[in-house]
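Let's take a friendly walk through a protein structure together. Have a look at the picture below, and then we will visit a few places in turn.

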Amino acid sequence: DLHRRRHSFPTRRSSDLLKNFERYDDAARAFNDYLFEVPGDKNAQREMEACKVAAQWKQTPEKFNINNIKELNTVNSDYAPFVSDGKITWSSSRTESTGNIIFEWTGQKCADIFEAALSNQNFGNAAKVNGLVNSNYNEGVAWVDSSNTTMYFTQCNGTDGKGLNCKIYVSYKQNNQWIAPQVLPFCSDSFSVGHPAMTADNKRMYFASNMPGTLGEKDIYYIDYN
């Protein structure tokens, strides 16, 4: 009967599972059936379209080769790489990170900023950046200028670990050491800002924030720099 047929349609969870197993054609059909039941679910509509696109991508020859940089990666999180002036800088929660505090979101140590020399796709030894950037708490997602003398990065716990929001800090290199970082003036205790990136002319910074006025949980903002 109609009641029994209505409840035979796939649930949102089963659709997501098909997508996770890369059964994109089946997942797209499942999302379509689910949307028959819940036509107003915009997230499900987006997921269905994503499955259709992913199915097409699987039929397209790869344009890039993706390789694991085993020289730099660890069993813990390694992310947000940035290349500048013959060095690669990234965030890592590896065992060599400062302090022994375990970050509850990941179950790993708080992240530090690391770097390694880079020459002709050959990597040097990984090490924490020299100076006062890293603390016992989370630092990461750094942007470094072309001369490797200015670094903007995200810090999410405050200097005492009690901070509830993320802020963007800047540090300058002096005598091959990153000096004590300073928080940027547009940061606030009332909302988070992070993931800074400057334009090539160093006149505008883009960043993510959940400050008042966002359209979603976080949006991309920019601020001009003089």
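This is a predicted model: local features need pLDDT of at least 70, side-chain atom pairs count only at pLDDT 80 or more; totals for chains, interfaces and linings use all residues.

Residues are numbered from 1 along each chain as its sequence is written, and side-chain values use heavy atoms, with hydrogens and water left out.

Let's begin with the helices (DSSP runs of H or I with at least four residues, numbered from the N terminus, just as strands are E runs of at least two). Helix α2, residues 12-20, packs against helix α3, residues 24-37, at about 165°, and their axes are 8 Å apart. Here axes are lines fitted to C-alpha atoms over the stretch in contact, and angles run from 0 to 180 degrees between N-to-C directions. The pair is therefore roughly antiparallel, a label for angles over 145 degrees. On the α2 side, the contact (heavy atoms within 4.5 Å) is made by R12, S15, D16, L18 and K19, and on the α3 side by Y24, D26, A27, A30, F31 and Y34. Sorted by class, these are six nonpolar, one polar and four charged residues. Nonpolar covers Ala, Val, Leu, Ile, Met, Phe, Trp, Tyr, Cys and Pro, charged covers Asp, Glu, Lys and Arg, and the others, Gly among them, are polar.

Helix α3 also packs with helix α4, residues 42-58, at about 160° and with axes 8 Å apart. That angle makes α3 roughly antiparallel to α4. Residues of α3 including F31 and L35 meet residues of α4 including M48 and C51. This contact has eleven nonpolar, two polar and four charged residues.

Our last stop is D219, which lies in strand β15, residues 219-224. Leaving aside neighbours within four places in sequence, D219 is in contact with F207, A208, S209 and T214. D219 and F207 are twelve residues apart in sequence, and their C-alpha atoms are 8.4 Å apart in space.

Notes
Angles under 35 degrees count as roughly parallel, over 145 as roughly antiparallel, 65 to 115 as roughly perpendicular and the rest as oblique.
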